[in-house]
Amino acid sequence: MNSLPKNPEDLSDQAKITSNGLTTLETPIGIKQNTKVKFDAARNPFDSTYHAYKLELSKGTACTAAITAATTQGRAFLTRTRDTQKKWLGDAPGQKWVAAGWPDDSLAIPSDSAAVQKRIVSVSLYLLENPTREVDAMDVTKVEADARVAAIAAAREGRKTHESGLELAKQNFDAADNTFRLLYHSLIEEVAGLISDNDPRWIDLGLQMPGYPARPDAPDNVRGIALGSGRLRFECDAPPRAEHFQFLWRVKDAAVWERMESSPAPNAFLEGQTAGAVIEIKARASNSNGFGPESDVVTVTVA
């Protein structure tokens with residue numbers, strides 16, 4: 001019944017409720033082994049290492065963008081170099097092009113960052129030995145070649161550093177996650193020996209009453225229907241064990257989610273919205289054991 005959420009975000013949200021509940025219920029319930037102090041001592045590293053791990057994950061996009069930009073600039077340099085050198089080396093690949101840093105069978109521009117970097121290094125050596133074939137007006141110079149090599153090298157090193165940091169952050173989080181989950185399970189077992197399966201204090205601790213049906217899963221197929229005149233209808237498919245539903249909405253990227261009052265039916269109406277506005281929607285279902293997890297977010301444009 002009280003299996004812990006697999007999603008770290010959901011576990012963190014539940015743990016906040018449990019921690020707050022322990023503040024007032026630890027003594028009345030008689031909890032001795034898994035106190036609030038011990039619980040928070042494991043929860044805080046869980047939260048902090050997860051935050052650090054997410055931060056490292058977010059850096060991945062920037063690293064990829066940096067490599068893409070450096071590689072694109074490097075390929076542009078190679079394209080300019082190839083086109084300007086045809087004056088001396090001809091239009092077809094061969095031994096003359098080999099001496100200029102190109103293969104003997106193709107004048108195609110490589111796409112992989114490592115291959116682009118390697119090709120530019122060869123071109124740089126060629127321009128060093130043949131300075132009269134630099135074309136300043138086209139930025140085909142040894143200085144520019146070395147700058148493109150340095151840019152790609154820095155971007156690739158940045159990704160390597162990110163990958164190392166990400167691996168360490170994941171290891172730290174996995175260790176904190178394992179420790180916290182073990183203590184959380186121990187707390188649940190201790191509480192089970194102290195109060196009945198139907199005691200509402202389970203919910204006050206952020207947990208489910210074992211004597212009642214499990215909380216519903218997240219609703220599927222959440223949708224928003226534009227009805228015109230600024231009106232919207234929210235709907236979702238009812239998951240098993242659902243007794244009530246709640247829709248959460250906001251204008252796209254707004255800071256705060258608004259909540260529609262819980263309803264026994266999986267639908268709700270929203271009025272007074274501005275035509276053309278994009279509304280984000282998510283839903284959750286509840287029963288006597290409380291609310292289950294939230295659905296994925298969907299959008300609808302107001303008509």
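The largest pocket has a volume of about 960 Å³, a pocket being an open set of points on a 1 Å grid over the protein atoms alone, where a 1.4 Å probe fits, with protein on both sides within 12 Å along at least five of seven lines, and a volume being the space filled by probe spheres set on the points. Of its 33 lining residues (an atom within 4 Å of a point), Asp10, Arg215, Phe291, Gly292 and Pro293 are the closest to the centre. The structure is a predicted model, in which local features need pLDDT of at least 70 and side-chain atom pairs pLDDT 80 or more, whereas totals for chains, interfaces and linings use all residues. Residues are numbered from 1 along each chain, and side-chain values use heavy atoms, without hydrogens and water.

Helix α1 gives the most to the pocket lining, with six residues; helices are DSSP runs of H or I with at least four residues, and strands are runs of E with at least two.

Zero disulfides (cysteine sulfur atoms within 2.5 Å) are found in the whole structure. Cys63 is buried at 13% relative accessible area, and Cys236 is buried at 3%.

Conventions:
Buried < 20%, exposed > 50% of the residue type's maximum accessible area, 1.4 Å probe, protein only.
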